[in-house]
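The sequence and the three-dimensional view are shown first, and the description follows.

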Amino acid sequence: MAIPLLVLLCAGNLRAQTVATYDFEDGTADGWTPFNGASTPVNSTAAAYSGTHSLLTTTGSGGAGGPSISLNTVLLAGAKYTITGWIQLTAGESASNANFTIKRSDPGCSGGTCYDTIGGYQIAVTDSAGRKLVEVTQSALRRPD
């Protein structure tokens, strides 16, 4: 079970500006949905990176999947973004590996869809403390047409 938080920053010509932040402090899942067989994400107070709330979800039976959110209306084609995500397993879960993936439409990919791993592919996570899953600048993000 993972508890991630996500912040997206857009690096503009003059200064960076935040384009999306999810802290879950309003008691909702902030529009996050399940991806690849994971359970529906719910707001939780089981753990938090900051504040008192986070997002709780369970991977699918094969150990894959997690929370997902569409950024089609947020990301601009050709812009540069810094993506930061935090993850922590719930108490009692065995240490595992995780990664951050972006799904994008691209006619050059098999079936027209690409799945890009952002940051490290296998990041060790535990139930003891939040772990920064990813903080990378990505300039190849493209918004599907």
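## Contacts along the chain

What percentage of the contacts in the chain with a separation of 6 or more is accounted for by residues 24 or more positions apart? In this predicted model, such residues make up 60% of the contacts with a separation of 6 or more.

## Secondary structure and surface

The chain contains 10 strands and 0 helices. Read from the N terminus, its elements therefore follow the order β-β-β-β-β-β-β-β-β-β.

The chain has 145 residues, and 34% of them are buried. Its accessible surface amounts to about 8100 Å². Carbon and sulfur atoms contribute 49% of that surface.

## A network of charged side chains

How many salt bridges does a search of the whole structure find? The search returns 2. One of the salt bridges joins the side chains of Asp106 and Arg104, with an N to O distance of 2.8 Å. Arg104 also forms a salt bridge with Asp116, and here the closest N and O atoms lie 2.4 Å apart. This second pair links distant parts of the chain: Arg104 belongs to strand β8 (residues 96-105), while Asp116 belongs to strand β9 (residues 113-125), and 12 residues separate the two.

Is Arg104 buried or exposed? Arg104 counts as buried because its relative accessibility is 12%, which is under the 20% limit for that class. Asp106 is buried as well. Through salt bridges that share partners, Arg104, Asp106 and Asp116 are joined into one network.

## A buried threonine in a loop

Where does Thr57 lie? Thr57 is located in the loop between strands β5 (54-56) and β6 (66-68). Thr57 has a relative accessibility of 3% and therefore counts as buried, the limit for that class being under 20%.

Which backbone oxygen does the side chain of Thr57 reach? The side chain of Thr57 reaches the backbone oxygen of Ser39, at 2.8 Å.

## Summary

The predicted model shows a chain of 10 strands and 0 helices. Its salt bridges join Arg104, Asp106 and Asp116 into one network, and the loop between β5 and β6 holds Thr57, whose side chain reaches the backbone oxygen of Ser39.

How values were computed
Residues are numbered from 1 along each chain as its sequence is written. This is a predicted model: local features need pLDDT of at least 70, side-chain atom pairs count only at pLDDT 80 or more; totals for chains, interfaces and linings use all residues. Side-chain values use heavy atoms; hydrogens and water are left out. Helices (H or I, at least four residues) and strands (E, at least two) are DSSP runs, numbered from the N terminus. Buried means under 20% relative accessible area, exposed over 50%, partly exposed in between (1.4 Å probe, protein chains only). A polar contact is a pair of N or O atoms within 3.5 Å; within protein, one must be able to donate a hydrogen and the other to accept it, and residues adjacent in sequence count only if both atoms are side-chain atoms. A salt bridge is a side-chain nitrogen of Lys or Arg within 4 Å of a carboxyl oxygen of Asp or Glu. Contact means heavy atoms within 4.5 Å. Accessible areas come from the Shrake-Rupley method with a 1.4 Å probe; for residues, only the protein chains shown count as cover.
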